[in-house]
Amino acid sequence: MSFRPILSFAALALLSACPDSSGTETDAGSSTNGGSTSDAVTTTDEPTTGSTTTDDMTPGSTTGSTTDDTTTGSMPGATRILYAVVAEGTSDVVAVRSVEIVDGVAGAPVTLLEAPEGARFGEYDLPEAGKPHAAVQSYGAGPKRLWLLDAASAHEVSLPGAYDILYVNFSADRKHLIVGGGPQDLQPGDLEFSVCEIGADGACALQVFAPSLAPMTYLSYVFDVSPADGRLLYQTRTLDDSNTEVLLGDLAGIDAALVAASADPALTPTLAPDAKTVYLRDATQQNFAVDVSADVPGPLVPLHAPLADLARPTWDPSMSHLLVWNGAGVYGDLHHVAVDGAMPGPLQTFNAGAPMHVQAKSAKFSPDGARVGYLADHETPDDTQLYVSEIADVAAPPSKINGALAPGGSVTSGFTFLADGQRMLYAARLDQFPDYHVFLARLDQPGTVMPIGPAPEHAILTVQLLPSHDGERFLYLGGLGPAVAELLLVDIAGDQPSAPLSLSSALPVGTLPTLNSAFAADDSAVFFRAAADGAAARLYMIAIAPDVGTPAAISAAGESVQRFVVLP
């Protein structure tokens, strides 16, 4: 076996080796997870239950009544909905079903996968845009089993008998499945990883990855599969935890690239989208790069000078722009580094004249990557406001986006850029009272902020801002509290936003929508979950274009829907 030096480091814990799939960083795929919600922006810094408006709010209502039959609104083309069903009285997922909607007509639910007798799907995911396959594991009676799920079918992945699954991951391009495990009650030295390329028909035959290992060393994690040459980005550890190494090697285990020495115990690698660079972050989230495009990899290159306290990195999807927040508490500094492979540009600090005032985890790129939005309290200590800076001019003072706030008022972390990159939605408390108000701001018209609702005093307590794909509408949950929650639709295509229109007012009395909602791929319909107190949550559909229809249940009666996704 030949080795090409890249980097090595000591004592990286086995569990911490998994890539971070929180969504704040670009990672090499994500592990399966149970019951995750949709990707809508949700306010989380002021957690409350229910949603509240004042009594004089009149959000509008749909006409007609809810029906268990399929809707007959105009919804051109085909849409497929996948949803997970939980067993009665539990949170255990026991089935995945599909509903196809053609020209506004929903077909009967079709079962794609059902848990074996006495088992449940303890860890699962669902396919969605950009993720054509998802992994589903069963637990309970009998040995663990694993399936690959696509939009129309499920394919069982063959595992050795009595095999204990510890890790299930996909390569970043979603073309390879990576499984880690071994015999039941396995010890670290028994851990093995297998990889398979997912065929066009969804079939996937796992092949054990068995690289050459030094004595008293085992394979501890496989992070990714290079889209350029098929090499695996993986990690090995000694049994006594005295040394850990990151390598790139082919599936046959004949050729490997070994990384140069480092004493950091928590350095974690990510392969760049073009597979020419390996990016690494250490225990304090400092960031490094190694050029792996040549036969002899380049040196370990810091992407920025060391930063005090904890640093939190956020990459744009292309991994050409890196945001790094650093600080010791809630507030700190936000920096930008332009990155070209393993060649970083200078570290530039946003709003450098007001240090240590940017809220942690608040920074977001605009859709075109030209701007960054973030929350800061440099004008109103401990009360955050919304600012936007241009990537091309980080040194310039930021633009404040939100309107005037009274003492105690603040913008929440649930702000979002719309698809055109020229408008933003945000929610804010106008004063010290815990009532949220929703606003539309125009970046192309500085100072233009429009309240959502008939009057600014119409507030809500908990808000999920979900824009449509074309950015012409958005959804949020409002009402007078959890007992009267409504799913509200706002049209923002014109010069002024429309009054909120209730999509759920025609539901049976006592049946309330939940935070889970989604637009159809062509934005002609909305899907959402709703349930009466203590009853099963059903899945509903309502046409919104060209006319608003009435909500219709499309999941089977009597079974509870935990999560759903909408596919084209």
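First, the ground rules. This is a predicted model, where local features need pLDDT of at least 70, side-chain atom pairs count only at pLDDT 80 or more, and totals for chains, interfaces and linings use all residues. Residues are numbered from 1 along each chain as its sequence is written, and side-chain values use heavy atoms, with hydrogens and water left out.

Let's start with strand β8. Strands here are DSSP runs of E, at least two residues, numbered from the N terminus. β8 spans residues 134-140, and six of its seven residues are buried, so the rest of the structure largely encloses it. Buried means under 20% relative accessible area, with a 1.4 Å probe and protein chains only.

Which strands pair with β8? Pairing requires at least two DSSP bridges between the strands. Here Y124 stands opposite V136 of β8. Strand β9, residues 145-149, also pairs with β8 in the antiparallel sense, over five bridges. There, S138 has R145 of β9 as its bridge partner. The β8 and β9 hairpin has four residues between its strands, and G142 takes a positive phi near 80°.

Now the backbone exceptions. Most residues other than glycine have a negative phi, and most peptide bonds are trans. D103 is not a glycine, yet its phi is positive, about 50°. Find D103 in the loop between β4 (93-102) and β5 (105-106). A275, also not a glycine, has a positive phi of about 60°. Its loop runs between β19 (268-271) and β20 (277-281). Is A275 buried or exposed? A275 counts as buried, because its relative accessibility is 10%. Then there is a cis peptide bond between A545 and P546, with omega about 0°. P546 sits in the loop between β44 (538-543) and β45 (552-553).

Last, the cores. A nonpolar core is a set of buried Ala, Val, Leu, Ile, Met, Phe, Trp, Tyr and Cys residues joined through side-chain atoms within 4.5 Å. The largest has 27 residues, and F193, V222, L232, L233, Y234 and V278 touch the most other members. Elements giving two or more residues to this core include β13 (192-197), β15 (217-225) and β20. β15 provides the largest share, five residues. Apart from this core lies another, of 17 residues, including V85, A106, L539 and V566.

Back to V278. Leaving aside neighbours within four places in sequence, V278 is in contact (heavy atoms within 4.5 Å) with residues including L233, L248, P269 and F288.

How values were computed: Buried < 20%, exposed > 50% of the residue type's maximum accessible area, 1.4 Å probe, protein only.
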